[in-house]
Amino acid sequence: STPIVIHPLGFLHQRAAAAAFWSLARPLRADAAFRVALLSDTHIAADPKDIYRGFSPHANLRKTLDQVTAGQFGMLLVNGDLARLLGKPEDYRAFTSFIDPVAEKIPVVAALGNHDERKNARAALTRRAGDLAPVQQKFVSTIDAGELRFILLDSLLATNVTPGQLGKSQRAWLAESLEAESSKPTVVFVHHNPDPDSDSALVDASRLLEILTPRPAVKALVFGHTHVYSLDKVQGMHLINLPAVGFNFADGVPVGWMESAFSKQGLDLKLHAIAGETKDDGKSVSLSWR
């Protein structure tokens, strides 16, 4: 497949926006694919020697980004829990020391998780790509990838509090946004897993699924938080749980990232297991859109 090239139009350094805007050089062809490096749960602390469960998040992110920069990707996406625990400014300085050099070459976009701090993240992510959506007190962004669309939601309820929540205003904005652009294949990203029966997941998961599942333009919901790689479907919509870059919570679970190729017809995924259980490293799967 021929990767789509995204060209920078320039950086906006205003504190309120803290975003870079990018546009496609050409529309997505039926036989083309938009290649995205999908990361989640990097958990970067200020201390480069920070270790958890025997894993070094700093070393894991460095190895991941070495693999990403060696490939040909149109975008890098980090789906929440950028920081280790409390989202301190020094944590984000460490995180951006890894990410900003990549953002010089390809667009980088990020969502927030329960170990992030919204104000500190917004101040630090000055090289974040995408269009910041007008959702009050939330860090929501959209990416227009030609004939595909990506929406990154903000499920941060409170820093270092495990469950997540979108809230009424964000859900209303999402429904209106999807209604306004009902024909373009759309992939939605959120940090928390949409499990209505879990006390540690997205507390308004049922309401989110009520918005997404009846709309056929929404092809997949991508999330992290559990530090487990898994694939599922609900009413034909794919549920993609990304592995964690920083560490796993249980032995026998891969630590790593996903190579992806999005098209109008579906999604190709390839696991890059850099630590933990690596037996499925390089394993690929192709998903067709509903």
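Which residues in α4 meet Arg207, Leu208, Ile211 and Leu212 in α5? They are Arg171, Leu174, Ala175 and Leu178, where a contact is defined as heavy atoms within 4.5 Å.

The structure is a predicted model, in which local features need pLDDT of at least 70 and side-chain atom pairs count only at pLDDT 80 or more, while totals for chains, interfaces and linings use all residues. Residues are numbered from 1 along each chain as its sequence is written, and side-chain values use heavy atoms, with hydrogens and water left out.

## Overall composition

The chain contains five helices and 15 strands. These elements are DSSP runs numbered from the N terminus, helices being H or I with at least four residues and strands E with at least two. Of the 290 residues in the chain, 57% are buried; buried means under 20% relative accessible area, exposed means over 50%, and partly exposed lies in between, with a 1.4 Å probe and protein chains only. Among contacts in the chain with a separation of 6 or more, 65% are between residues 24 or more positions apart.

## The pairing of α4 and α5

Helix α4 covers residues 168-180 and helix α5 covers residues 205-212; their axes come within 10 Å and cross at roughly 10°. The crossing angle makes α4 roughly parallel to α5. Axes are lines fitted to C-alpha atoms, for helices over the stretch in contact, and angles run from 0 to 180 degrees between N-to-C directions. Angles under 35 degrees count as roughly parallel, those over 145 as roughly antiparallel, those from 65 to 115 as roughly perpendicular, and the rest as oblique. The contact of α4 with α5 comprises six nonpolar, no polar and two charged residues. In this classification Ala, Val, Leu, Ile, Met, Phe, Trp, Tyr, Cys and Pro are nonpolar, Asp, Glu, Lys and Arg are charged, and the others, Gly among them, are polar.

Within α5, the buried residues are Ala205, Leu208, Leu209, Ile211 and Leu212. Viewed down the axis of α5, these buried residues fall within an arc of 155°, so they line one face of the helix; the arc is that of the directions from the helix axis to the C-beta atoms. An α-helix has 3.6 residues a turn, so residues three or four places apart point the same way. The packing partners of the buried residues of α5 are α4, β9 (186-189), β10 (218-223), β11 (230-234) and β12 (237-241).

Ile211 belongs to helix α5 and is buried, at a relative accessible area of 10%. Apart from residues up to four places away in sequence, Ile211 touches Arg171, Leu174, Ala175 and Leu178.

## The pairing of α1 and α2

Helix α1 (residues 57-70) packs with helix α2 (residues 89-103) at an angle of about 5°, and the axes are 11 Å apart. That angle makes α1 roughly parallel to α2. On the α1 side the contact involves His58, Leu61, Arg62, Leu65 and Thr69, which meet Ala94, Phe95, Phe98, Ile99 and Val102 in α2. By class, this contact of α1 with α2 has seven nonpolar residues, two polar and one charged.

Ile99, in helix α2, counts as buried at 4% relative accessibility. Once neighbours within four places in sequence are set aside, Ile99 is in contact with Leu65, Leu76 and Val108.

## C-alpha separations across the sequence

| Residue pair | Separation along the chain | C-alpha distance |
|---|---|---|
| Ile211 and Arg171 | 40 residues | 7.9 Å |
| Ile99 and Leu61 | 38 residues | 9.3 Å |
| Gly236 and Trp289 | 53 residues | 7.8 Å |

## Loop residues

Gly236 lies in the loop between β11 and β12 and is partly exposed at 24% relative accessibility. Gln235 is also placed in the loop between β11 and β12. Although Gln235 is not a glycine, its phi is positive, at about 50°; Gln235 counts as exposed, with 59% relative accessibility.

A positive phi is likewise found for Arg53, a residue other than glycine, with a value near 55°. Arg53 is located in the loop between β3 (34-39) and α1, and its relative accessible area of 36% makes Arg53 partly exposed.
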